[in-house]
Amino acid sequence: MNNTNLITVIKDGRRQRRRRWIIVNALLVVIACILCVAMLMLGSTIYPVQDVIRSLMGESHNGVSFAVNTIRLPRMVAGLFAGLAFGIAGNTFQTMLRNPLANPDILGITAGSSVAALFCILILHTSNIAVSIASVVAGLITAVLIFIFSKGKTFSVGRLILVGIGMQAMLSALISYLLMVGAQEDIPTALRWLSGSLNGAQLPTLLPLIITVLLCAPIVIVLGKHLSILELGEQSATSLGLNTNMTRLLLILSSVFMIAIATSATGPIAFVAFLSGPIAKRLVGVGYSNVIPAGLVGVNLVLAADLIGQFAFEVRYPVGIITGLLGAPYLLYLLIRMNRKGSL
Amino acid sequence: MKLTHQFQTEEIVAGYDNKTILHGLNVDIPSNRINVIIGANACGKSTLLKTMARLIKPLSGKVILDGKSIDKIPPKQLARVLGILPQSPIVPEGISVTDLVGRGRYPHQSLFSGWTKKDYKAVAEAMEIMNITELANRNIDELSGGQRQRVWIAMALTQQTDILFLDEPTTFLDIAYQVEILDLLTDLNRKYGTTIVMVLHDINLSARYADHIFALRKGKLIAEGEPSKVITSKLVKEVFGLDCTVIADPISQSPLVIPKGRYHGHKDSNR
Amino acid sequence: MHLPKHFTKVLVISLVLLCICLLASLVLGSRLVILDDLIAGLFYPEIESYEASVVRERIPRTVFSLFCGAALGISGALMQSVTRNPIADPSILGVNTGAALFVVCGIAFLNISTAAQYIWLAIAGAMITAIFVYGIGSMGRAGATPLKLVLAGAATSAALSSLVSAIMLSRSYVMDQFRFWQVGSVGSANWSDILTFLPFLVIGIGLAIMSASALNALALGDEVAIGQGVRTGTLRIVAAFAGVILCGAATALAGPIAFVGLLATHVMRLLLGPDLRFVIPMSAISGAIILTISDVSGRLIGSPGELEAGVVTAFIGAPLLIVLAIKMKVRSL
């Protein structure tokens with residue numbers, strides 16, 4: 001094979017990967033749009049698309065606009081942005097730490113946010129803004145503590161995971177305690193929140209989530225290139241001239257912000273942060289930035305799970321229960337596969 | 001032809017935690033040569049290599065490239081001059097050969113730039129040098145140890161650095177692959193003038209392939225220079241604690257270390 | 001038998017501490033009881049002062065917390081030696097969640113509500129989960145490394161708890177029962193609970209002590225153990241069985257109490273060295289002490305209400321896990 005031939009081969013490979021990437025993303029966007037529309041159309045009464053569009057444009061008639069604009073639209077927006085946030089942030093952690101199991105759910109970052117939010121809901125009865133702020137602060141503190149503790153002599157992802165699980169245990173004890181001391185009438189709300197739910201979302205309270213995602217997601221997307229270098233390991237990344245500490249800090253900060261704000265808005269929707277990355281990688285293959293597809297997969301997961309939770313059963317289940325039930329088997333499957341391969 | 005660089009360390013002290021491994025080392029790396037660092041286990045050879053390649057920050061002292069301390073040089077700019085192949089690099093799961101090799105172009109690209117002709121050429125060239133063009137579309141997971149090592153070196157090559165550090169590039173490889181890798185590295189040095197600095201375990205292969213040898217003992221440099229001058233039975237005793245005879249390698253005339261041991265050849269030595 | 005260096009000292013101090021805990025548990029709480037009342041409550045059933053009845057109410061709780069702590073301590077020691085893994089503990093391995101899931105299913109679908117029924121379900125749940133987690137964790141080349149086991153435990157836990165919430169959310173009566181159970185407390189124990197618990201405790205401890213010296217051989221690796229004539233398969237089954245029934249029974253009655261096993265065993269290992277013939281029985285004592293102290297301090301900290309023992313132990317134990325993780329060599333993860 002001569003030089004020009006080889007260059008064609010390399011180019012073709014890149015072109016193929018890029019084509020696949022574009023197709024997958026386009027498909028994901030289309031599905032997400034369909035799900036969004038479905039979220040607006042479906043409910044106790046089903047409205048046709050025209051009515052939905054009309055009420056979104058501001059025309060009000062027959063109570064359509066109340067159902068669509070006040071109940072279904074915020075729910076859809078909450079799902080959309082929470083999905084993006086969980087998907088992108090989860091993928092960032094997984095790629096950076098080179099381990100699909102090292103995601104905010106298992107490391108206890110979500111639990112940190114949950115504790116703060118629950119404390120505000122159950123004990124302080126504070127406003128939504130306070131809940132957001134508290135959960136961001138708690139999420140960041142948890143993340144910082146985990147990283148400090150796992151620094152040790154040499155940084156190791158294994159140690160990070162163990163420390164995270166320890167934190168997780170402590171925080172879940174706190175959650176149990178908060179659920180014990182909470183007033184009886186607040187408990188169902190708290191539990192519903194804890195399992196992750198889009199219920200009762202309102203546009204004004206979603207504002208922090210929307211702003212955070214619009215700010216942080218682009219940062220992570222732009223840094224996606226660095227992320228693919230970081231994936232090669234600390235030593236190779238340094239050798240390639242990447243400022244690893246700075247990159248890592250930026251990525252972690254944006255991700256934790258997104259996770260914490262999304263958690264405060266919808267509760268910890270189980271496994272979305274964990275599932276999105278690996279599913280996206282399956283779809284687009286290795287070699288192209290996984291950030292955007294992961295975010296889109298997150299959106300689709302949350303919206304689809306919410307629709308299933310609302311309409312598939314006699315009882316309405318919050319979205320987190322559905323993602324939890326879907327994600328758990330996958331988690332175990334992944335674990336088994338990793339163990340078999342000896343990649344742990 | 002690669003550029004000539006002045007590369008030296010100045011009184012570097014390095015180590016982990018409270019344990020100092022290097023005690024004030026001064027090393028001057030001859031440019032455009034193959035340099036090999038030898039020494040017994042835990043003598044600090046790998047630490048020295050990593051410190052020079054800025055994977056470890058020295059506790060005190062400086063690593064100097066062309067008169068400038070390397071921590072003062074912007075990382076990407078530095079990455080265009082010196083690259084390192086770590087001892088056990090990490091492979092992202094399912095990555096293809098060209099993709100991995102291509103990642104070596106990172107220091108030559110900006111955040112938003114796509115791939116240019118130069119990038120493609122560099123990848124193709126590196127793959128040709130390392131003789132892995134046939135593997136272009138394969139997955140790294142499917143490759144043998146020797147093939148993988150060539151892919152990794154190819155990645156370091158696409159970085160197109162003038163100086164290349166390698167931390168035991170031949171460990172875990174069969175003897176045939178060891179020779180093959182060292183031959184390829186020699187090609188690289190002879191053809192392009194790349195300065196190579198590596199740690200090798202095998203003293204005989206070191207003696208054969210090196211232009212310049214650094215012998216370390218307990219974090220101190222005790223000898224350096226051409227293999228034929230440096231590698232003597234006295235030095236081997238001092239560095240490795242091994243009684244040996246040094247003869248001339250029948251093929252390359254470089255020194256060949258023959259260990260004595262306690263069981264063989266006593267009659268001969270008595271004679 | 002060659003005694004560890006400080007064995008007598010450790011034994012005496014532990015026993016003294018145990019007595020102090022016992023007294024403290026009877027005396028301390030949101031209502032402090034003075035000595036006269038304590039004696040009246042204990043030895044003169046005919047005296048009916050309020051304080052005396054407080055003491056009498058605290059007796060089953062105290063006894064139960066001692067038993068439960070002993071069970072968890074031994075269970076931790078057994079799991080650590082069977083898996084040859086310093087951070088094995090029923091809570092870390094997800095065994096508690098397994099027990100929880102079965103209990104919730106029992107409450108939701110089988111209408112059960114008594115301790116005797118809980119116990120069998122919890123043990124079954126614990127056992128199935130333990131086998132499952134160990135199975136996943138020991139796949140692959142290096143066998144059951146700490147990291148793999150812990151991850152398998154955490155993953156299984158996460159999976160099971162989403163099932164638990166799915167069952168619970170649509171049934172508020174289950175939620176009410178379950179939320180008091182899941183926090184992990186010894187406060188509501190009564191004599192019939194203790195009687196239900198006792199046979200499991202006795203069997204579990206018996207099996208544990210019987211397998212201790214064989215476990216010593218296992219600590220040196222399977223090959224060595226087989227070389228010394230230990231039937232490793234049988235030994236693992238017996239020891240794991242004992243560990244599971246101990247923690248399953250304790251969990252059924254008290255709810256998931258985390259980290260007692262981890263703490264108890266590590267304290268004793270630190271004091272006595274690695275000989276399991278001493279570490280295993282002494283872990284029972286240290287476990288009892290730890291759980292009782294947690295219970296008492298929970299009562300004091302949470303006064304006038306109480307902070308459940310499960311919360312307290314998690315707060316003492318999780319830092320230990322973190323410290324162990326920090327100290328561990330990267331290679332042995």
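Colleague: Which residues point one way from strand β6 of chain B, and are they buried or exposed?

Modeller: First, the conventions. This is a predicted model, in which local features need pLDDT of at least 70 and side-chain atom pairs count only at pLDDT 80 or more, while totals for chains, interfaces and linings use all residues. Residues are numbered from 1 along each chain as its sequence is written, and chains are lettered from A and ligands numbered from 1 in the order in which they are written. Helices (H or I, at least four residues) and strands (E, at least two) are DSSP runs numbered from the N terminus. A residue is buried if 20 or more other C-beta atoms lie within 10 Å of its own, exposed if 12 or fewer, and partly exposed in between, with C-beta atoms placed from the backbone. In β6(B), residues 82-85, Leu82(B) and Ile84(B) point one way, Gly83(B) and Leu85(B) point the other way, and all are buried.

Colleague: Which strand is joined to β6(B), and how many bridges join them?

Modeller: Two strands pair if DSSP finds at least two bridges between them. Here β6(B) runs parallel to β7(B), residues 163-167, with four bridges joining them. Opposite Gly83(B) stands Leu164(B) of β7(B).

Colleague: How many helices and strands does chain B have, and what is its radius of gyration?

Modeller: Chain B has 10 helices and 12 strands. The radius of gyration is taken over C-alpha atoms, and the globule rule is 2.2 Å times the number of residues to the power 0.38. For the 271 residues of chain B the rule gives 18 Å; the radius of gyration is 20 Å, close to that value, so the chain is as compact as a globular protein of that length. Buried residues make up 45% of chain B.

Colleague: Where is the kink in helix α9 of chain A?

Modeller: The bend at a residue is the angle between axes fitted to the seven residues ending there and the seven starting there. In α9(A) a kink of about 25° is centred on Leu209(A). Leu209(A) is also one of the buried residues of this helix, which include Leu206(A) and Val213(A).

Colleague: Against which elements do the buried residues of α9(A) pack?

Modeller: Two residues are in contact if their C-beta atoms, placed from the backbone, lie within 7 Å. The buried residues of α9(A) pack against α3 (64-96), α10 (224-230), α12 (244-266) and α14 (291-311) of chain A.
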